[in-house]
Amino acid sequence: MHPQFFSKAIIVIFLIPLALGACAQAALNVGSASPAQPGATATPASVGDQTSTSAAPPQREAQNGAAKDPSTPEQRATTSQLSTARADGRAEELLRQVRETLGGETKLKEIRSFSASGAFRRVSNDQEQSGNMRLDSLLPDKFKVTETLNLIAGIEITIVNALNGNQAWTDTQSSAGNAQVMMLHQKGNEQNNNDEQVKSLRADLTRYMLSLFLIPPPDASIQFIYGGEAEAADGSADIIELKGANGFTARLFIDKKSHRPLMMSYREVVMQMKTMKQSGGNRGDVDKIIKGAQEKTAAPKESDVELHFSDYRAEKGISLPHVIAKTVNGQPFEEWVVGNFKLNPPELSSQKFEKGK
């Protein structure tokens, strides 16, 4: 395609709440370009009937319309009927065992900040998004997610969502001046949107601290309750129920053989990303596209989300997963291959979480 075409093209990216069921995967539409075909890169596998993450291409729906088994490990769990007091004691015993396996409670409690970065891939119906993702965290209340997406014609879009204490902010940058990014919110004032973003990012920070280090942020009060066992064809896992303030709930699955976190399940509003290309550079046409998308945006609905952890390797004496795969409503959604972990990096100061820094 002639390079001058792209100088006139306008790329619009929409970040839209993922509706429950019908839009269970990310959608990527760039003009009339052919959908990207899944390559040799591993994609997250649905684990409805297993307790480990396997690298396999996403499976297409059966042509005859037969429904897939929607069950998840926790839905098929054989949960022990224990009293609350005994359950709490069992959870503490299990936590001590897992922390020792990961590197020891003393080392884990020394974590005050971390950075993790690597390539990610999202898949949806023979289409895909790819790029790089970086997480930065500085306890007790700073967290930043930076995603750089690779689009057509070498264009890159960088989207940053950050928590800085009681404030949250979003920033976008593009390698092409004609690219626009639009975040579509549910109707509400700016303060409500900020409050929701703060709540969402705090929950993300808590999930990552618990799943990676089994240590919650200092300002998060988490209750650990033993939830029984989840049986699967290739083994079993212990379940720890996690409950905290502002309705925070999650389930952490611990592999009985390796004594390491295998999976975390929870519910949240998942954002889908949709890119559209409009040639000609007419601002009025772009405004019309954005307005139409805003009018069609449905109210946010929560989805069933699972994070699957695999490829554990030691970083400064702490065992950490280097592949984190996400499923949404039982369908493959994202795989993140972490190429670099930094624990307590000295360069990660509080200024890094200020907008524009």
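In the predicted model, Trp-336 is in contact (heavy atoms within 4.5 Å) with Ala-116, Ser-117, Gly-118, Ala-119, Phe-120, Met-133, Leu-135, Tyr-208, His-322, Val-323 and Ile-324, its neighbours within four places in sequence being left aside. The model is a prediction in which local features need pLDDT of at least 70 and side-chain atom pairs count only at pLDDT 80 or more, whereas totals for chains, interfaces and linings use all residues. Residues are numbered from 1 along each chain as its sequence is written, and side-chain values use heavy atoms, with hydrogens and water left out.

Trp-336 also belongs, with Phe-213 and Leu-242, to the residues with the most contacts inside the largest nonpolar core, which has 59 residues. Helix H4 (residues 190–213) supplies the largest share of this core, nine residues. A second, separate core has six residues, among them Ala-237, Ile-239, Phe-253 and Leu-262. Such a core is a set of buried Ala, Val, Leu, Ile, Met, Phe, Trp, Tyr and Cys residues joined through side-chain atoms within 4.5 Å; buried denotes under 20% relative accessible area with a 1.4 Å probe, protein chains only. Of the 357 residues of the protein, 47% count as buried.

Two cavities of 30 Å³ or more are present in the structure. A cavity is a set of points, on a 1 Å grid over the protein atoms alone, where a 1.4 Å probe fits but cannot get out, and its lining residues have an atom within 4 Å of a point. The second largest cavity has a volume of about 40 Å³, the volume being the space filled by probe spheres set on the points. Its lining consists of Met-133, Tyr-208, Leu-307, Ile-324, Ala-325, Lys-326, Glu-334 and Trp-336. Strands E14 (318–328) and E15 (331–343) are the elements that give two or more residues to this lining, and E14 provides the largest share, three residues. By residue class, the lining of the second largest cavity comprises six nonpolar, no polar and two charged residues.

E14 and E15 run antiparallel and are joined by six bridges; strands pair if DSSP finds at least two bridges between them. Val-328 has Gln-331 in E15 as its bridge partner. The two strands form a hairpin with two residues between them, and Asn-329 in the turn has a positive phi of about 55 degrees.

Overall, the protein has five helices and 15 strands, defined as DSSP runs of at least four and at least two residues, respectively. Among contacts with a separation of 6 or more, 63% involve residues 24 or more positions apart.

Technical notes. On a 1 Å grid over the protein atoms alone, a cavity is a set of points where a 1.4 Å probe fits but cannot get out, and a pocket is an open set with protein on both sides within 12 Å along at least five of seven lines; lining residues have an atom within 4 Å of a point. Ala, Val, Leu, Ile, Met, Phe, Trp, Tyr, Cys and Pro count as nonpolar, Asp, Glu, Lys and Arg as charged, and the others, Gly among them, as polar. Buried means under 20% relative accessible area, exposed over 50%, partly exposed in between (1.4 Å probe, protein chains only).
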